[in-house]
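The following note sets out points for a colleague's review of the model. Please read it beside the sequence and the coordinates.

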Amino acid sequence: MTSVSMFIWAMWLVAAADAKKEVEIIPASGDTQLHSSKLFLCKVKGGEAEMKWFYPNGMEIEDGEDQRFTVEKIDETTTTLLINTAEKNDNGIYTCVSTFEDGTAERVTVNINVVPPPTARISEESVNATAGSTSSITCVVEGDPQPHINWTRNGRPIKAKPGRFGFNSDQSVLTIYAVEKMDEGQYTCIATNKINSSSDNVTLHVSANQTEEEVPSPHSTRHTVQATDGQAAVVSILDSMKDQQAAQLAVLQRLAAQQEILARRVAEIGAGISQLTVLQSLSPPEKDHD
């Protein structure tokens, strides 16, 4: 090896020795859902290292010592920690220590916070509302961190709209104003935080604001029509118009009947006059008397 090659090789060794050594845990967030499993990677940069995991109390996590904690070496730069069926008492700061070939050590920590998933619950399976009324649906939500709530109807997001849809401050109560038939469907409350999401459903049924209007059939069979207030008003107006037209028809029918009687009477008188004329023509002339 030439002196130049030896110099280059020596410089490379120095650079490699001076390379910045870094250790990181992936993911950096330790938020873990209660009763779930989560995997953490401890990875080094800048060289190979021996890596170990430690409990919050400082004791080393030995593979196989606790079935809920599994440590596995992937290669000389990566090792994993798997937490199975996480419990609340698993909370704490876990440490990965990486010892490099030159004897230096780097450590990095992750704060594991085991929290239950959010829950969303609507007490009713179905809600009955009357057309034109106001109806509210309440969703009881729990979770840490506090979940954000969204609502959908038949899978489509519901946005606040004055006079139609409104929410309270945390959106746990959905209010539907001036309920319409088209508002029927499945309403879903969705609670979401950084841990997970949860949802619950309720079905809204809309019935007419019932008033009974009796409408006589042309075949003299009685039928009952159930209508909303607006429909009842229309039915009332139509009934009034029908009554007026029936009265007018009765007058016309009476006039027509009278005209028919008059026409028959005129015809009878005309026939009588004709008969008298014929008889008169058949009678012998009267003789003059001296």
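1. Strand β15 and strand β16 (residues 173–176) pair in the antiparallel sense over 3 bridges; two strands are taken to pair if DSSP finds at least two bridges between them. Strands here are DSSP runs of E with at least two residues, helices are runs of H or I with at least four, and both are numbered from the N terminus. Within this pairing, F165 stands opposite I176 of β16. The charged end of R164 sits over the ring of F165, 5.0 Å from the ring centre. That term requires NZ of Lys or CZ of Arg within 6 Å of the ring centre and within 35 degrees of the ring normal.

2. The model is predicted: local features need pLDDT of at least 70, side-chain atom pairs count only at pLDDT 80 or more, and totals for chains, interfaces and linings use all residues. Residues are numbered from 1 along each chain as its sequence is written, and side-chain values use heavy atoms, with hydrogens and water left out.

3. On confidence, the average pLDDT of the protein is 81, and 68% of the residues score at least 70; pLDDT is the predictor's confidence in each residue, from 0 to 100. Among the elements, β17 has the highest mean pLDDT (98) and strand β20 (residues 222–227) the lowest (40). The pLDDT is below 50 over residues 212–228, a stretch with 27 contacts in the model beyond near neighbours in sequence. A contact means heavy atoms within 4.5 Å. Where pLDDT is low, the predicted coordinates should not be read in detail.

4. As to overall content, the secondary structure comes to 2 helices and 20 strands. Of the 290 residues in the protein, 27% are buried, where buried means under 20% relative accessible area, exposed over 50% and partly exposed in between (1.4 Å probe, protein chains only). Among contacts with a separation of 6 or more, 55% come from residues 24 or more positions apart.

5. Strands β15 and β16 belong to an open sheet of 3 strands in the order β11-β16-β15, with antiparallel pairing. Its edge strands, β11 (135–138) and β15 (165–167), each pair on one side only. Neighbouring strands of this sheet are turned by 20 degrees against each other on average, direction ignored; the axes are lines fitted to C-alpha atoms, for helices over the stretch in contact, and angles run from 0 to 180 degrees between N-to-C directions.

6. A further open sheet has 5 strands in the order β10-β18-β17-β13-β14, with mixed pairing. Here β10 and β14 (156–157) are the edge strands, each pairing on one side only. Strand β10 (residues 126–130) pairs with strand β18 (residues 197–207) in the parallel sense over 5 bridges, and V127 has L204 as its bridge partner in β18. Strand β17 (residues 185–192) runs antiparallel to β18 and is joined to it by 8 bridges, with Y187 opposite V202. A hairpin of 4 residues connects β17 to β18.

7. Which residues does S135 contact, leaving aside its neighbours within four places in sequence? They are V127, A129, L174, T175, I176, V179 and L204. S135 lies in strand β11 and counts as buried because its relative accessibility is 7%.

8. C139 is in the loop between β11 and β12 (140–142), and its 2% relative accessibility means that C139 counts as buried. Apart from residues up to four places away in sequence, C139 touches A120, R121, I122, W151, S172 and C189.

9. The structure holds 3 aromatic pairs. The ring centres of F69 and Y94 are 6.2 Å apart and the planes are at 20 degrees, so this pair is stacked. The pair links distant parts of the chain, 25 residues apart: F69 is in strand β5 (residues 69–75) and Y94 in strand β7 (residues 92–100). Rings of Phe, Tyr and Trp (its six-membered ring) pair if their centres lie within 6.5 Å; planes under 30 degrees apart count as stacked, over 60 as edge-to-face and the rest as tilted. Both F69 and Y94 are buried, and Y55, F69 and Y94 form one aromatic cluster.
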